[in-house]
Amino acid sequence: MKTQIRALAIAVGLMCAASGFAQTATTTAVNAATTAATNAATTAKTNATAAVAAKVNPPAAPVAVAPVAVAAPAAAPAKMAAGGAGKVWVNSSSKTYHCEGSKFYGKTKTGEYMAEADAKAKGNHAVKGKACAK
């Protein structure tokens, strides 16, 4: 008889433990379902809000912009065509001038052609102090 009571107590204990486990599993399932439903409702609300906002404030239509005419940069004057005929090439960076036929005549980055007298009048000097031969 004692053995039967003990077996019965163990069986009741196991059933209680099993029902507790079942309640925990049920609670977890309910919580998961509630969370999923809440997320779905939030997503639906966000989508509805976006749809209303799109109707109230529709996206602006693209604005057509007319092309702007841009003038082409003025072509650099041909250095050799502008030189010659007694003109010198004045290097505006170094304030020196080069005679026609010299290595740097019309070849420095900055400068202009002008008469030798004009170059001297503007304060420029010949390379190594040598005037151009006429």
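Reply: In strand β3, Ala-115 is the bridge partner of Lys-87. The model is predicted, so local features need pLDDT of at least 70 and side-chain atom pairs count only at pLDDT 80 or more, while totals for chains, interfaces and linings use all residues. Residues are numbered from 1 along each chain as its sequence is written, and side-chain values use heavy atoms, with hydrogens and water left out.

Strand β1 (residues 87-91) pairs with β3 in the antiparallel sense over 4 bridges. Strands are DSSP runs of E with at least two residues, helices are runs of H or I with at least four, and both are numbered from the N terminus. Two strands pair if DSSP finds at least two bridges between them. The open sheet has 4 strands in the order β3-β1-β2-β4, with mixed pairing. Because β3 (112-115) and β4 (125-126) each have a single partner strand, they stand at the edges, and one side of each lacks a neighbour in the sheet.

Helix α3 (residues 116-121) contains Glu-116. This residue counts as buried because its relative accessibility is 9%, where buried means under 20% relative accessible area, exposed over 50% and partly exposed in between, with a 1.4 Å probe and protein chains only.

Glu-116 forms a salt bridge with Lys-120, with the closest N and O atoms 4.0 Å apart. A salt bridge is a side-chain nitrogen of Lys or Arg within 4 Å of a carboxyl oxygen of Asp or Glu. The whole structure has 1 salt bridge. Both residues lie in helix α3, 4 residues apart, about one turn of the helix. Lys-120 counts as partly exposed, because its relative accessibility is 46%.
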